[in-house]
Amino acid sequence: MNNFLNLNEIAPKKLEAILEDATKVKKATRGDAALNECYSSCLNNTITGLLFEKLSTRTRLSFEAAVLKLGGQVSNLRKDEIHLGQGETLQDTCAMFSLFLDVLVLRLYEEEKLYEFARHSKIPIINGLTNESHPCQVLTDIFTFQEIKGSITGKKVVWFGVANNVFQSFLHAAVALKFHIVFSGPAKFGPSKKMLEFIQKNNSNIFTIEPNPIVAVENADLVVTDKWVSMHDNKLSKSDLDDLGNFRVTNELISFAKADVLFMHCLPADKGQEVSLDIFEDKRCVTLKEAENRMHLQKAILRWCLGLF
């Protein structure tokens, strides 16, 4: 049994194996009959539970589609319809989930709760997002990058705006897969103490903070940003928005990167805020491919968690 909690806890060779399996499973859906027969029933007689405290479009749809296309079934567990926190302990709830489910995908506020589930469950736990991390999204971004441009090892990734949960998972991935990551944003929204300590402990050479966005994006292979206000954040003041506006991703800004640079955003986007409206019409923008690839990458995660490769 394998848990998929955070990228820094999974050996690089295992992450590479998940990425390789995602390539195969995507190929199977694109007309390879032999592969499709292998994959389309590999989750037969399994039930994957989805327990989401936070709103979700892409994570819910992509996991549901992934499970169904692999022959499994999905049980959506609404937090207002179960006893967790309303007369039943998390430990007892985990015991019930472990009796009836084969995998559990969680989308939570507190990361500690994710690890509580992992400690008490006898089935694989998958981190669908917490306030601190979003490993499924970031491994999908890497899968998408490598599908288009080859290995991400040694490449330059530039993150603009706020060092949030997705950014932390990018730090984890940079250490594991050996690419360079640059943060460019206001100091107030820079990496947390926990993030900086992680980098210092593991490999400080793969990380740079660059306050000048034009300097930051030079020779970039991949540019990434995200909403400035996450679901668990308070609204920003006008002065904060003005400061962040200097790091808005625009076609003009990414023109200083490599000619074949890619732009990614995990969505939903506040178009016109952290990113300009026109960039979504640019050929360098691959956000829809990212969204589609969530399903393929998560098929591989499910298969890995269940020991199918």
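First, the ground rules. This is a predicted model, where local features need pLDDT of at least 70, side-chain atom pairs count only at pLDDT 80 or more, and totals for chains, interfaces and linings use all residues. Residues are numbered from 1 along each chain as its sequence is written, and side-chain values use heavy atoms, with hydrogens and water left out.

I checked the terms too. Strands are DSSP runs of E, at least two residues, numbered from the N terminus. Two of them pair if DSSP finds at least two bridges between them.

Entry: strand 8. I looked up residues 222-225 and found L222 and V224 pointing one way, with V223 and T225 pointing the other way. All of them are buried (under 20% relative accessible area, 1.4 Å probe, protein chains only).

Entry: who pairs with strand 8? Strand 5 (residues 156-160) runs parallel to strand 8, joined by four bridges. W159 has V224 as its bridge partner there. Strand 9 (residues 262-265) also pairs with strand 8 in the parallel sense, over four bridges. In that pairing T225 stands opposite H265.

Entry: I noted four strands in the order 2-1-3-4, with parallel pairing. Strand 2 (73-76) and strand 4 (125-127) each have a single partner strand, so one side of each lacks a neighbour in the sheet. The twist averages 25° from one strand to the next (axes are lines fitted to C-alpha atoms, and angles run from 0 to 180 degrees between N-to-C directions).

Entry: strand 3. Three bridges tie residues 103-107 to strand 4, in parallel. I found L104 bridged to I125 of strand 4.

Terms used. Buried < 20%, exposed > 50% of the residue type's maximum accessible area, 1.4 Å probe, protein only.
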